[in-house]
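Reader: I'm new to this one. Can you walk me through it, one piece at a time?

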Amino acid sequence: MDQTDDIDQFPYLFLPRPEGQLRNIPVNFRWEVTRRHPIYLQYWQSAQKFYQWRRRNTRMVAKSELVELQISETSAQFLRVIGVTSFAPDPSVEFSEIGIGLGENGWLRGSISPVTLRGIWGMLVSLLPPEVFSETAIRLANAMTVGGDPDERRSAGLMALQQVDESQIDQLLAEPIVNINPAVSNRQIIEDLNRLLDRLRAERNIEVGRDRSESYPGYLRVWDLREGWSGGNYHSANEKTLAEVAKELDIKPTTASARYRSAFQLITGHEYSPTMWLRFMGIEKLSRISQQAVGRVALRRPTKLRTNRDVPGSSLGDGVAVESIANEQRGFQSQIGMQIVDLVLDIESLVRGRMSNEEILCELEVEPAESDPVIELIEMVRSRN
């Protein structure tokens with residue numbers, strides 16, 4: 001399916017990353033693309049409270065904290081579908097400040113990635129039949145509730161695991177997760193890994209991609225100038241046209257456009273289109289426009305232009321169901337109004353039809369006293385088409 005053309009599979013203003021997209025990006029650039037994501041900017045502070053609570057030794061929740069914790073957990077769910085699971089630094093922080101100690105690790109370039117305990121749990125849930133997983137988990141939990149000493153409880157759990165008579169938990173993982181014997185020579189390890197990689201690529205029909213990470217700073221530089229990104233946030237006063245960006249960087253306009261599109265795909269995981277841009281940047285851009293006046297127009301606009309946009313019940317990456325996220329999304333979208341959402345999409349359709357601002361205002365039956373914020377909205381859409 002072409003995600004550029006058919007994006008109604010996702011709730012509006014909620015654009016998750018394709019599963020595994022971040023794994024193909026070096027760690028430092030994973031941070032760069034994440035902190036530029038509008039979803040991250042909207043929810044990182046609230047999600048951080050949930051992460052802090054989860055790291056506490058006690059999971060007890062005071063009644064006065066319950067509502068705030070539920071809100072922060074919902075924020076963490078939003079971040080999870082753009083690849084953030086346990087750590088939400090301030091977007092103004094540079095990677096050099098949060099990446100201390102990472103430089104010696106082998107996964108900085110993205111070819112090798114660490115596997116978290118959550119990731120291992122996820123693999124077990126995905127690979128084992130539900131009844132096998134639940135039965136095994138119950139047996140381990142029952143065994144580990146006996147006694148008070150943590151070491152004794154771990155030993156009891158390991159013993160119970162050995163006693164599980166189920167061949168499916170002894171199957172080899174389909175993912176390339178292996179034990180490496182550090183006592184063997186580097187040459188032997190590399191030879192064995194090469195054979196493993198060759199077989200894996202052949203089985204999955206994987207083509208080795210070209211490393212373009214040296215171009216990423218250039219992509220992001222164009223993005224930052226175009227969208228007004230600096231200091232961990234977007235600033236509308238700093239936005240430039242692509243022609244202005246090309247002039248400032250002394251590159252061709254076509255080069256600026258190509259780099260901007262590459263930056264969009266790097267940050268979102270999706271190919272650029274004006275419609276996809278609205279899905280991605282809508283949260284950020286709509287927050288700047290006078291929504292009170294636009295909301296009145298949205299409520300009154302002609303019925304013939306209204307569109308019904310049902311949220312489908314498919315699934316997103318990382319095991320988060322669209323339905324559960326969409327329920328929370330409805331609460332968020334009440335802030336900007338679903339009518340405004342539909343209005344934006346209708347304006348985009350009219351802009352694509354090459355209608356002038358005056359013709360669009362007439363089509364939407366906008367009163368003269370309310371035209372200024374609507375024109376601002378039209379120009380926002382027009383600048384991306």
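Reader: Let's start with helix 9. Which of its residues are buried?
Author: Tyr216, Tyr219, Leu220, Val222, Trp223, Asp224, Leu225, Arg226 and Glu227 are the buried residues of helix 9. Keep in mind that this is a predicted model.

Reader: So is helix 9 mostly covered or mostly uncovered?
Author: Mostly covered. Of its 12 residues, 9 are buried.

Reader: Asp224 is on that list. How buried is Asp224?
Author: Its relative accessible area is 13%. The cut-off for buried is under 20%, so Asp224 counts as buried.

Reader: And what does Asp224 touch?
Author: Arg36 and Trp229. That leaves out residues up to four places away in sequence.

Reader: How far does helix 9 reach, end to end?
Author: From first C-alpha to last, helix 9 reaches 16 Å. That is close to the 16 Å expected for its 12 residues at 1.5 Å a residue.

Reader: What comes just after helix 9?
Author: Gly228, with a positive phi of about 75°.

Reader: Now its partner. How do the axes of helix 9 and helix 10 meet?
Author: The axes come within 9 Å and cross at roughly 130°. Helix 9 covers residues 216-227, and helix 10 covers residues 242-249. That angle makes helix 9 oblique to helix 10.

Reader: Left-handed or right-handed crossing?
Author: Helix 9 passes helix 10 in a right-handed crossing.

Reader: Which residues make the contact?
Author: On the helix 9 side, Arg221, Val222, Leu225 and Arg226. Helix 10 brings Leu242, Val245, Glu248 and Leu249.

Reader: How does that contact split by class?
Author: There are 5 nonpolar residues and 3 charged ones. No polar residues take part.

Reader: Change of topic. What about helix 17, which residues are buried there?
Author: Ser371, Pro373, Val374, Leu377, Ile378, Met380 and Val381.

Reader: What span should helix 17 have, and what does the model give?
Author: Helix 17 runs over residues 371-382, which is 12 residues. At 1.5 Å a residue, they should span 16 Å. The end C-alpha atoms are 16 Å apart, so the two agree.

Reader: Zoom out. How many helices and strands are in the chain?
Author: The chain has 17 helices and 2 strands.

Reader: What share of the chain is buried?
Author: Buried residues make up 38% of the 385 residues.

Reader: Last one. What share of the contacts with a separation of 6 or more comes from residues 24 or more positions apart?
Author: Such residues account for 72% of those contacts in the chain.

Conventions. Residues numbered from 1 in each chain as written. Predicted model: local features only at pLDDT ≥ 70, side-chain atom pairs only at ≥ 80, totals over all residues. Heavy atoms only, no water. Axes fitted to C-alpha atoms, helices over the stretch in contact; angles between N-to-C directions. Helix = DSSP H or I, 4+ residues; strand = E, 2+ residues; numbered from the N terminus. Parallel < 35°, antiparallel > 145°, perpendicular 65-115°, else oblique. Left-handed = near helix turned anticlockwise from the far one by under 90°. Contact = heavy atoms within 4.5 Å. Nonpolar A, V, L, I, M, F, W, Y, C, P; charged D, E, K, R; others polar. Expected span 1.5 Å × (residues − 1). Buried < 20%, exposed > 50% of the residue type's maximum accessible area, 1.4 Å probe, protein only.
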